[in-house]
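Subject: Structure handover

Dear colleague,

Here is the structure I said I would pass on. My notes follow below it.

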Amino acid sequence: MLTGDFMNPSHLATIPPDDHNRVRTGTHPEQIAQSIRDHLHLIQARFPAVATPYDHYMAVAYAVRDRLLHRWTRTAETYYRRRSKSVCYLSAEYLLGPQLGSNLLHLGLMPAVREAVGMLDFDLDEILEQEFEPGLGNGGLGRLAACYLDAMATLEVPSISHGIRYEFGIFAQEIVNGWQVEKADKWLRLGNPWEIARPEITFEVKFGGHTEVYNCDGGYQVRWVPDSVVRGMAYDTLIAGYGVNTVNLLRLWKAEAVEDFDFQIFNRGDYYRAVLDKVTSENITKVLYPNDEQAEGKALRLKQQYFFVSCALQDLLRLFFQKSKDLRDFPDEFFIQLNDTHPAVGVAEFMRLLVDEYSLGWDTAWEVTQACFGYTNHTLMPEALEKWPLSLFSQLLPRHLEIIYEINQRFLDSVRISFPDDVDRLAALSIIEEAPERQVRMANLACVGSRAINGVAALHTDLIKKGVFKDFHDLTPEKFSNKTNGVSPRRFLLLSNPGLAELITHHIGDGWVKDLDLLRGLEPHAKNPGFVKDWAAVKLSNKTRLAEQVLARLGIRVNPTALFDIQVKRLHEYKRQHLNLLHIITLYNRLRDNPALKAPPRVCIFSGKAAPGYWQAKLIIRLIHAVADTVQKDPAVGDRLQVVFIPDFNVKNAQKIYPAADLSEQISTAGMEASGTGNMKFALNGALTIGTLDGANIEIREAVGAENFFLFGLSAAEVAHRKAEGYNPHAIYESNPELRLALDQIASGFFTPRDTGLFKPLVDTLLSHDPFMLMGDYQAYIDSQERVGLTYLRPERWHRLSILNTARMGRFSADRSIREYCEEIWGVAPQPIVMPAEFS
Ligand code: 26W
């Protein structure tokens with residue numbers, strides 16, 4: 001017996017005697033139950049009578065973690081033995097979402113753990129609700145990284161991913177009087193059962209100071225003398241593949257003070273300075289910057305980026321030397337993928353490590369570097385392109401600036417050979433921007449240092465080739481490719497929509513979970529009235545579940561049979577939540593004018609966070625609430641139109657929202673959304689899309705069929721053309737009475753009688769320059785929404801289209817994306833992990 005006497009050992013009696021020692025790893029419900037008891041007792045230090053649901057969650061989580069660890073050691077050992085080439089994924093953000101449910105599914109332990117938990121009289125659904133999710137990302141980019149971790153492990157791709165262990169993730173959003181209020185996200189307060197602290201895996205990271213040249217073996221070397229040093233400590237999270245034995249690592253780095261440093265200061269008696277130093281060091285990984293798309297030249301952000309990248313690359317070299325000696329072999333063993341420019345300083349850091357620390361010659365080092373980096377761009381917004389003022393960069397990373405100058409010089413010299421006097425081209429390609437202020441352009445550094453550069457949807461890749469990266473594309477077109485984003489079918493269908501998953505599996509088997517193209521098999525069923533009825537019933541039950549949540553959280557009763565029209569994503573002017581509002585206001589006015597209007601009841605749902613300093617976005621949240629209140633209080637519309645804002649959009653909430661959608665709003669100005677991934681999650685769950693020809697919408701529309709997609713609005717080319725010929729939003733406002741009425745209502749305080757001027761800035765922007773062309777797309781959007789309403793009035797047709805949407809979404813699995821990365825960029829092959837017979 002492993003545990004205390006109060007446990008009832010009767011369950012263990014049913015396990016074969018030689019299995020008793022497997023109580024920490026076995027998969028029989030009895031073994032799992034015993035393991036949960038153990039953890040409750042020995043880790044949570046609780047006895048059953050006083051244990052809270054959170055204690056139960058922790059005990060179950062630890063029991064699951066043991067089983068993950070067991071597979072991880074086998075995975076690591078296999079990679080080591082086979083010298084498998086691995087991907088090193090570098091991302092400043094990972095938006096993992098709750099871990100327990102997905103780990104249970106991936107390990108195939110859901111039924112056994114449910115049974116085990118039942119034996120203990122706990123409730124698994126209540127336990128699953130307890131988890132605080134690690135919100136270590138802002139939005140699309142971070143969630144994409146999490147879907148890719150899932151896909152890499154499921155495809156048995158050897159990988160190690162690195163990031164930052166932020167003590168505070170993305171802020172929690174509360175709504176007070178219709179305004180967003182940010183609250184600190186204390187996700188670690190009650191402990192994190194999924195992480196494994198690795199106090200033995202630490203690296204020192206230097207900042208500031210100066211460089212010196214010294215003689216070495218007849219040549220000269222550069223030494224960086226920093227003025228501060230911070231230590232990074234590794235915390236590992238285990239990422240299990242679905243239905244395979246592979247468990248990969250997500251290694252997150254936490255900043256700590258270096259004691260030796262403190263010690264020297266202590267000896268000088270400067271106690272306060274030593275303590276202060278500790279605080280400053282730890283600040284580096286305190287908090288995630290909550291801006292998406294808006295680059296800010298903040299020193300702490302550059303420190304964060306350099307800190308985690310340096311730890312990751314030092315760690316990678318450590319792993320490399322476990323197996324190999326000659327650094328020229330490095331590209332045969334690792335490929336390093338940069339998730340946007342946030343880790344791009346890695347190019348310079350890798351050069352520094354090779355040249356300064358491992359004494360490689362410059363040319364060899366550059367050859368190795370260029371052979372093993374890849375860069376993914378995720379945004380078309382010019383203000384999101386990261387640039388660091390030279391003054392800041394040289395202060396924090398003096399050696400890296402020298403290295404960047406050297407890279408740049410050699411690079412521009414090589415360009416001059418082909419384009420001798422093309423000053424403009426050289427200025428555009430240069431890693432250093434000269435005017436108005438001298439800055440380091442991280443995207444250029446990433447492009448120069450990488451073997452492969454990719455966009456995240458076909459249109460996006462096309463636009464970067466013609467736009468921001470045109471000169472790089474002219475120079476090295478072979479480096480560019482497209483890798484359309486994908487999402488995890490495990491998290492966004494199997495886990496979050498169990499009803500639909502079960503219905504699908506009942507008809508086509510469960511192969512779709514790992515081979516999403518098999519969803520095609522649903523197409524013939526779209527003609528079967530019985531199947532259509534079952535499909536509709538699942539959707540209704542998902543909508544009812546969301547309606548219950550809305551009632552519990554907001555006290556608003558919504559009608560689950562209404563059309564659920566949903567827009568969830570970060571608040572941003574280019575994403576045009578306010579265009580959605582213009583439709584809602586227009587529909588409201590029409591319903592008031594004409595109670596006999598042929599339109600189904602609609603529940604319009606919004607959710608999403610605004611960057612704390614993004615005033616217009618916060619004002620849009622306020623306007624959503626103002627319209628919601630007005631509509632809710634108006635007896636003239638009753639339940640024919642309702643507007644709801646669900647606070648605190650995160651992965652946990654998202655998992656309840658996507659499955660409940662009838663209509664997915666993907667209405668960004670064409671040419672502005674790099675890809676979008678929410679669009680994929682909705683369609684996979686059977687929502688129909690109303691959308692522009694932007695990002696991956698275009699490919700989704702091609703896949704599901706133009707007749708199954710509510711398209712509207714200007715194309716990217718038309719947007720550019722209209723801007724070039726002189727776009728006049730005011731004229732459109734003048735000529736369209738319904739649009740004018742809606743805008744006048746907003747501007748005059750119709751929705752906020754107590755503060756009539758509140759939304760004037762929003763309307764002024766729209767009428768004066770309207771950078772995101774709401775006026776230009778308004779009428780097309782209204783007309784398209786009318787078609788949506790009329791289609792919804794024919795339920796059978798609607799559900800048939802819904803089935804076809806799901807059936808044709810196979811291409812948008814993250815597995816397809818990762819396979820493309822593996823084959824076309826990384827050169828990494830799957831390595832199946834076989835567990836020894838006694839463990840299988
Ligand atoms: C420097 C500030 C900053 C922070 C984050 C700039 C840019 C970002 C991200 C790149 C923003 C982001 O999340 N981009 C989104 O990436 C998704 C995954 O590829 C795409 O689906 C979205 O279209 C894109 O907006």
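A residue is called buried here if its relative accessible area is under 20%, exposed if over 50%, and partly exposed in between, using a 1.4 Å probe and the protein chains only. Helices (H or I, at least four residues) and strands (E, at least two) are DSSP runs, numbered from the N terminus. The model is predicted, so please note that local features need pLDDT of at least 70 and side-chain atom pairs count only at pLDDT 80 or more, while totals for chains, interfaces and linings use all residues. Residues are numbered from 1 along each chain as its sequence is written, and side-chain values use heavy atoms, with hydrogens and water left out.

Helix H16 and strand S16

Helix H16 covers residues 442-449, and eight of its eight residues are buried. They are Met442, Ala443, Asn444, Leu445, Ala446, Cys447, Val448 and Gly449. Valine 440 is in strand S16, residues 439-441. Its relative accessibility is 0%, so valine 440 counts as buried. Contact means heavy atoms within 4.5 Å. Apart from neighbours within four places in sequence, valine 440 is in contact with Glu386, Lys387, Trp388, Leu390, Phe393, Leu401, Ile404, Ile431 and Ile432. Between valine 440 and arginine 198 there are 34 Å from C-alpha to C-alpha, at 242 residues apart in sequence.

The ligand

A residue is taken as near a molecule or strand if one of its heavy atoms lies within 4 Å of it. There are 22 residues around the ligand, and those that come nearest are His378, Asn485, Glu673, Ser675 and Gly676. By type, the shell has seven nonpolar, nine polar and six charged residues. For that division, Ala, Val, Leu, Ile, Met, Phe, Trp, Tyr, Cys and Pro count as nonpolar, Asp, Glu, Lys and Arg as charged, and the others, Gly among them, as polar. Helix H6, residues 140-154, gives the most to this shell, with three residues.

A polar contact is a pair of N or O atoms within 3.5 Å; within protein, one must be able to donate a hydrogen and the other to accept it, and residues adjacent in sequence count only if both atoms are side-chain atoms. Histidine 378 has a polar side-chain atom 2.6 Å from an oxygen atom of the ligand. For tyrosine 574, an N or O atom in the side chain is 3.4 Å from a ligand oxygen atom. In glycine 676 a polar backbone atom is involved, at 2.8 Å from an oxygen atom of the ligand. On its own the ligand has 570 Å² of accessible area, of which the protein covers 97%. Accessible areas come from the Shrake-Rupley method with a 1.4 Å probe, and for residues only the protein chains shown count as cover.

Aromatic pairs

Rings of Phe, Tyr and Trp (its six-membered ring) pair if their centres lie within 6.5 Å; planes under 30 degrees apart count as stacked, over 60 as edge-to-face and the rest as tilted. The count by this rule is 24 aromatic pairs. Phenylalanine 710 and tryptophan 798 are stacked, because their ring centres are 6.2 Å apart and their planes at 20 degrees. Phenylalanine 710 lies in strand S24 (residues 709-711) and tryptophan 798 in helix H32 (residues 795-807), so this pair ties together parts that are 88 residues apart in sequence. Phenylalanine 710 is buried at a relative accessible area of 10%, and tryptophan 798 is buried at 1%. Tryptophan 798 also pairs with tyrosine 792: the centres are 5.0 Å apart and the planes at 80 degrees, so the pair is edge-to-face. Tyrosine 792 is buried, as is tryptophan 798. Elsewhere, ring pairs link Phe320, Phe321, Phe330, Phe334, Phe350, Tyr358 and Phe373 into a cluster.

Two further residues

Lysine 656 belongs to helix H24, residues 651-657. Its relative accessible area is 15%, so lysine 656 is buried. The side chains of lysine 656 and glutamate 129 are joined by a polar contact of 3.3 Å. Not counting residues up to four places away in sequence, lysine 656 touches Glu129, Arg545, Leu546 and Gln549.

Serine 84 sits in the loop between helix H2 (53-82) and strand S1 (86-90). Serine 84 is buried, with a relative accessible area of 2%.

Regards
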